[in-house]
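Biologist: I am new to this structure. Please show me how to read its features one by one.

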Amino acid sequence: MAKDSVKIPPKVIAAVVATGLLSFCGVIVETAMNVSFPKLMTEFGVTTNVVQWMTSIYLLIVAIIVPLSALLKRAFRTKPLFLTAVTFFIVGVVIDALAPAFPILLLGRLIQGIGTGISLPLMFNIIMEQVPRQRIGLMMGFGNLITGIAPAIGPTFGGIIVSSLGWRWIFYILLPFLLVSLFLGLWGIQQKSATARQHFDVLSCLLIAIMFTGLVYGFSNLAALPLMNWQVGGAILTGLAAMGLLSWRSLRIATPILDLHLFGNYRFAGHVLIFFLTQMCSLGFAFLLPNYIQLVNHNTALLAGLVVMPAGFCGALFAPIGGRLLDAYGPKKPVLAGVTLMSIAILVFTIWSPAMGNLAIMIVYMFYMAGMGSLMGTVMTSALASLPQDKQTQGNAILNTLQQFAGSMGTSLVAMIVAKSQVGVGKTAAATALGTQHAFVLMLVFVILIMITVIRCVPQRMR
């Protein structure tokens, strides 16, 4: 049967949009609220380190919940899981919109993190399970398009809303999107796989919580505090110790929360490395460029958001293009094309970043995001296709878990490099430009590793 004649059922499309909208809302709150931090600090009388927990606590809860996704999918029906996720998110949004004090605001973000942690893997599980094989690449790209638009418009959206209506309206405006997600999910989500009683390993869950708390907390303090400090080195060591214990336990019990045996699959492990390093680079860019535009080129936060916004749309729009290329030609060609565009962009930034104007930044960043957009969904699809059908849910849990951690780690590493360049001279334009260039050198190393891994591990055709 010709690929163009293979139709995706409307209910499947509705289910993908419903779950994608939840992830979209989670990402847009995260990126839009960053713009409102100065307002929150003034209104609630908190410091920069404290207000950062608006993002950190959300990412931490998502990172803890996502590893449970494979177990939740096997134990519960898809629609009740989705309804639980939507309910948590709506409750969290209402709490934040009405929050009278900063701790209540954090509570709302925590509850939203639970909703996102449950919903994020659902979209990819539905695509891999219910979309016809000839259309999986297209729908993975479409799913990434939904979530990819959020970081593109988040900072600009946040700047406009905060300056015109106030920060609470960031949450109010999300409610209609959440209601659309709810109704689409109620109509479209179907149950395709059987459920069964699952053993819940409490110790593994506790180790996951300790691991991510230690690593996220430690890396978030890396730029502001020395490594040999209990808030940095101590937290990271605690997280690494928990990771070691979790790995040891996961390899020895019958039903682990995260099946680390999958890393014995050479092809899957290679795809995971590509996915992880790409995510680190992308979150590094999201930190470096707005700061560079403001501190080096002396522009406003709103203008910084407008400069990076076209690249965000490029990334979102190239996601379904990469998916169509995957369906037509297999994974290797779109992934190689994507990593080539990324490599060229990072090389240009590495060489010329100390003297780049806003127009040059916007154009080169568009090349990077076009490459990244065509790569991410394709790598994820190819990674899951390298696993047996009954292991794909576990593979999805691993990919989504590492995506959260890579985001935190990538931002923290580049922030540390820039901060170390500013030691003794302050946040001067020259020091920030030099630190940004040093951070791009690290990202160039990452993208070279990605290229090598793509050549060695990504197949011409999926199984």
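Modeller: Let us begin with P459, which sits in the segment after α17 (429-457). Helices here are DSSP runs of H or I with at least four residues, and strands are E runs of at least two, numbered from the N terminus. The model is predicted, so local features need pLDDT of at least 70 and side-chain atom pairs count only at pLDDT 80 or more, while totals for chains, interfaces and linings use all residues. Residues are numbered from 1 along each chain as its sequence is written, and side-chain values use heavy atoms, with hydrogens and water left out.

Biologist: Is P459 buried or exposed?

Modeller: Start with the scale. Buried means under 20% relative accessible area, exposed means over 50%, and partly exposed lies in between (1.4 Å probe, protein chains only). P459 has 12% relative accessibility, so P459 counts as buried.

Biologist: Which residues is P459 in contact with, leaving aside its neighbours within four places in sequence?

Modeller: Contact means heavy atoms within 4.5 Å. On that rule P459 meets R267, H271, P331, K332 and S382. There is also a pairing across the sequence: P459 and K333 are 126 residues apart along the chain, yet their C-alpha atoms are 9.4 Å apart.

Biologist: Now the helices. At what angle do α12 and α15 pack?

Modeller: First, the method. Axes are lines fitted to C-alpha atoms, for helices over the stretch in contact, and angles run from 0 to 180 degrees between N-to-C directions. Helix α12 (residues 266-295) and helix α15 (residues 358-385) pack at about 155°, with axes 10 Å apart. That makes α12 roughly antiparallel to α15. The classes are simple: under 35 degrees is roughly parallel, over 145 roughly antiparallel, 65 to 115 roughly perpendicular, and the rest oblique.

Biologist: In which hand does α12 pass α15?

Modeller: A crossing is left-handed if the near helix is turned anticlockwise from the far one by less than a right angle, and right-handed if clockwise. The crossing of α12 with α15 is left-handed.

Biologist: How do the residues of that contact of α12 with α15 divide?

Modeller: Sort them by class. Ala, Val, Leu, Ile, Met, Phe, Trp, Tyr, Cys and Pro count as nonpolar, Asp, Glu, Lys and Arg as charged, and the others, Gly among them, as polar. The contact of α12 with α15 has 18 nonpolar, six polar and no charged residues.

Biologist: At what angle do α12 and α14 pack?

Modeller: Helix α14 covers residues 332-352, and α12 packs with α14 at about 40°, their axes 13 Å apart. That makes α12 oblique to α14. The crossing is again described as left-handed. From α12 come T278, C281, F285 and L289, and from α14 come M342, I346 and F349. By class, this contact has six nonpolar, one polar and no charged residues.

Biologist: Where is H298 found?

Modeller: H298 is in the loop between α12 and α13 (301-329). Its phi is positive, about 60°, although H298 is not a glycine. H298 is exposed, with a relative accessible area of 61%.

Biologist: At what angle do α1 and α9 cross?

Modeller: The axes of helix α1 (residues 10-35) and helix α9 (residues 169-188) come within 8 Å and cross at roughly 160°. That makes α1 roughly antiparallel to α9. The crossing is left-handed. By class, the contact has 20 nonpolar, three polar and one charged residues.

Biologist: Which helix holds S181?

Modeller: S181 lies in α9. S181 is buried, with 0% relative accessible area. Leaving aside neighbours within four places in sequence, S181 is in contact with A18, L21, L22, F82 and V86.

Biologist: Where does T195 lie?

Modeller: T195 lies in the loop between α9 and α10 (202-220). At 38% relative accessibility, T195 counts as partly exposed. T195 and T78 are 117 residues apart along the chain, with C-alpha atoms separated by 9.5 Å. Not counting residues up to four places away, T195 touches K73, R74, A75, F76 and R77.
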